[in-house]
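Student: Could you walk me through this structure? I am new to it and would like to ask as we go.

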Amino acid sequence: MSTETSTFRPHRTGRARPVPGAWPLRDRLALAAGVVAPLVVAAALVPFRTDLSRTNAALILVVVVVAVAALGSRTAGVVAALSAAAWYDFFLTRPYETFDISASGDVETAVLLLVVGLIVSQLAARARRLEVVAVTDAAHLDRIHRTAALAQSANSADTVVDHVRRELTELLGLSACRFEYGTLIGRPPRLEKDGTVTVGRHTWDIDTAGWPEGETELRAYGNGHYLGRFMLTPGPGPVPPLQARLVAVTLADQTGAALDTSGPVT
């Protein structure tokens, strides 16, 4: 075993380990809705099944599937599609209140309901993920813009350093963050420019193993010269994704630019 491996152990509290079989409350509720909502809607359509066309009934159930998938997860949407097809068969096709279908047209409608429900649930879940990504990207961009504006307007680099310390703590879910100016001492793990983490000469699999034990350095350079480093202490939450780590590197670069312009931090 190498020195780095024996010295720096994974920061186990830095990555949230899911409990086997445990689902977030929102996903559990969405899954339950995927089972129950099509049943309730199909049962509500029973008094109108002789007057309501099979196509319109199927479309109503598709709307239910879309709602479940949009508010929940892909799995909930798939469950809703299967439930919708089953209860459409049970309540709205002859012979009623059985899982048999006598008419070929009803079979085709039931199959199409299932297929369309599955497709739409995938699209709805994907749209929700893209919305989350867009919101996250906007928040990251806002951090960078705020720091750049402060770096241009601040009279002291101390102001920028303190601001970036707070931003890094929130962005990376840290329990502590401090800034060191001066000569490099020791060889702590390092957050690199590409968002990876190295321990000594080796790349550390942060996404799988969590943060290395102890502090991780994030260096700030100005005009190609080392000017200081942020010392990051991981918090108890999950490891930040690569996108957040790259934003952290950008913030450190902005700090380096402010230090190069304004002089060292006191």
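Student: What should I know before I start?

Tutor: This is a predicted model, in which local features need pLDDT of at least 70 and side-chain atom pairs count only at pLDDT 80 or more, while totals for chains, interfaces and linings use all residues. Residues are numbered from 1 along each chain as its sequence is written, and side-chain values use heavy atoms, with hydrogens and water left out.

Student: How many helices and strands does the protein chain have?

Tutor: The protein chain has eight helices and eight strands, where helices (H or I, at least four residues) and strands (E, at least two) are DSSP runs numbered from the N terminus.

Student: And what share of the residues is buried?

Tutor: Of the 266 residues of the protein chain, 38% count as buried, a term that means under 20% relative accessible area with a 1.4 Å probe, protein chains only.

Student: Okay, strands now. Why is E7 largely enclosed?

Tutor: Strand E7 covers residues 216-222, and because six of its seven residues are buried, it is largely enclosed by the rest of the structure.

Student: Which strand does E7 pair with over seven bridges?

Tutor: E7 pairs in the antiparallel sense with strand E8, residues 225-234, over seven bridges; two strands pair if DSSP finds at least two bridges between them. Among the bridge partners, Gly 222 goes with His 225 of E8, and Tyr 221 goes with Tyr 226 of E8.

Student: What sits between E7 and E8?

Tutor: The two strands form a hairpin with two residues between them, and Asn 223 in the turn has a positive phi of about 55 degrees.

Student: Switching to helices: how do H2 and H3 pack?

Tutor: Helix H2 and helix H3 (residues 54-71) pack at an angle of about 170 degrees, with their axes 9 Å apart; axes are lines fitted to C-alpha atoms, for helices over the stretch in contact, and angles run from 0 to 180 degrees between N-to-C directions. H2 and H3 are therefore roughly antiparallel to each other, which is the label for angles over 145 degrees.

Note on methods:
Buried < 20%, exposed > 50% of the residue type's maximum accessible area, 1.4 Å probe, protein only. Parallel < 35°, antiparallel > 145°, perpendicular 65-115°, else oblique.
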